[in-house]
Amino acid sequence: MGSLKALVKKAKKGDGEAFVSLITQYEDVLYRTASRLLNNDEDVSDAMQDAIISAYEKLHTLKNDEYFNTWICKILINKCNSLLMKKKNISVMNEHLLPEKGNDEFQKIELEDALNSLNEIYRLALILYYIVGLNVKEISEFLKEPEGTVKSRLSRAKLILRNNYYKHEGVIVYEK
């Protein structure tokens with residue numbers, strides 16, 4: 001955590017390499033988050049690019065350096081939502097996730113389909129928890145919702161997935 005704070009401080013002082021280093025650390029999380037919310041790779045790339053530019057321009061507004069991850073994810077999710085509103089699309093299964101190799105690819109498609117079937121509030125809670133890696137308290141602050149509400153959404157989302165997609169498989173396992 002110390003190195004993160006140091007990088008954020010350097011980036012705030014105008015060190016471009018420090019900012020690039022920060023983005024590199026979170027690039028995979030940002031990509032996975034955007035790809036769960038948007039329909040295609042072009043939109044994902046646009047949202048990520050817009051979010052990174054906005055983060056660079058507004059880095060001085062980040063109050064607590066240790067929350068850089070949460071802060072940039074919030075920017076990205078806002079950019080994704082803005083893109084969705086522009087296009088008035090509903091997130092559906094990505095076309096580029098066609099089965100190529102065996103069962104593992106099929107399971108990824110099945111998970112995509114399951115996530116896309118969820119109501120937006122449940123899908124967002126699962127993405128923030130399992131993909132972005134935020135804890136319940138951080139999600140609560142991020143969404144400006146009580147912790148109990150976040151816990152309920154996570155629980156209900158898992159129950160919906162378990163009942164609709166994974167009845168015979170027991171517990172849903174998500175590997176990062």
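User: Is Lys144 buried or exposed?

Analyst: This is a predicted model. Lys144 sits in the loop between α7 and α8 (147-164). A residue counts as exposed when its relative accessible area is over 50%. The relative accessible area of Lys144 is 65%, so Lys144 is exposed.

User: What is the phi of Lys144, a residue that is not a glycine?

Analyst: Lys144 belongs to the loop between α7 and α8. Although Lys144 is not a glycine, its phi is positive, at about 55 degrees.

User: Which elements give two or more residues to the lining of the second largest pocket?

Analyst: The second largest pocket has a volume of about 300 Å³. Its lining includes Lys144, Thr70, Trp71, Lys74, Glu138 and Glu141. The elements that supply two or more lining residues are α4 (68-87) and α7 (136-143).

User: How many charged residues does the lining of the second largest pocket have?

Analyst: Among the residues of this lining are Lys63, Lys74, Glu138, Glu141 and Lys144. Lys and Glu count as charged. Sorted by class, the lining has 4 nonpolar residues, 3 polar ones and, for the charged class, 5.

User: How far apart in space are Leu134 and Thr70, C-alpha to C-alpha?

Analyst: Leu134 lies in the loop between α6 (120-132) and α7. Its relative accessibility is 3%, so Leu134 counts as buried. Thr70 is one of the residues that line the second largest pocket. In sequence Leu134 and Thr70 are 64 residues apart, while in space their C-alpha atoms are separated by 7.6 Å.

User: Which residue forms a salt bridge with Glu66?

Analyst: The structure holds 5 salt bridges. In the one that Glu66 forms, the closest N and O atoms are 3.5 Å apart, and a salt bridge needs such atoms within 4 Å. Glu66 is in the loop between α3 (41-58) and α4, and its partner is 61 residues away in helix α1 (residues 2-12). That partner is Lys5.

User: Are Glu66 and Lys5 buried, exposed or partly exposed?

Analyst: Values under 20% count as buried and values over 50% as exposed. Glu66 has a relative accessibility of 30%, so Glu66 falls in between. Lys5 has a relative accessible area of 34%, so this residue gets the label partly exposed. The label for Glu66 is also partly exposed.

User: Lys12 and Asp65 meet in a salt bridge; what is the N to O distance?

Analyst: Lys12 belongs to helix α1 and Asp65 to the loop between α3 and α4, 53 residues apart, and the pair links distant parts of the chain. Lys12 is partly exposed because its relative accessible area is 31%, whereas Asp65, at 10%, is buried. Their side chains meet with an N to O distance of 2.8 Å.

User: Why does Arg32 count as buried?

Analyst: Arg32 and Asp28 both lie in helix α2 (residues 16-37), 4 residues apart, about one turn of the helix. Their side chains meet in a salt bridge, with N and O 3.4 Å apart. Asp28 is partly exposed, with a relative accessible area of 49%. Buried means under 20%, and Arg32 counts as buried because its relative accessibility is 18%.

User: On which residue is the kink in α2 centred?

Analyst: At the start of α2, a side-chain oxygen of Asp15 comes within 3.0 Å of the backbone nitrogen of Glu17. The helix α2 also has a kink of about 55 degrees, and this kink is centred on Tyr26.

Conventions:
Residues are numbered from 1 along each chain as its sequence is written. This is a predicted model: local features need pLDDT of at least 70, side-chain atom pairs count only at pLDDT 80 or more; totals for chains, interfaces and linings use all residues. Side-chain values use heavy atoms; hydrogens and water are left out. On a 1 Å grid over the protein atoms alone, a cavity is a set of points where a 1.4 Å probe fits but cannot get out, and a pocket is an open set with protein on both sides within 12 Å along at least five of seven lines; lining residues have an atom within 4 Å of a point. Grid points are joined across faces, edges and corners, and a volume is the space filled by probe spheres set on the points. Buried means under 20% relative accessible area, exposed over 50%, partly exposed in between (1.4 Å probe, protein chains only). The bend at a residue is the angle between axes fitted to the seven residues ending there and the seven starting there. A polar contact is a pair of N or O atoms within 3.5 Å; within protein, one must be able to donate a hydrogen and the other to accept it, and residues adjacent in sequence count only if both atoms are side-chain atoms.
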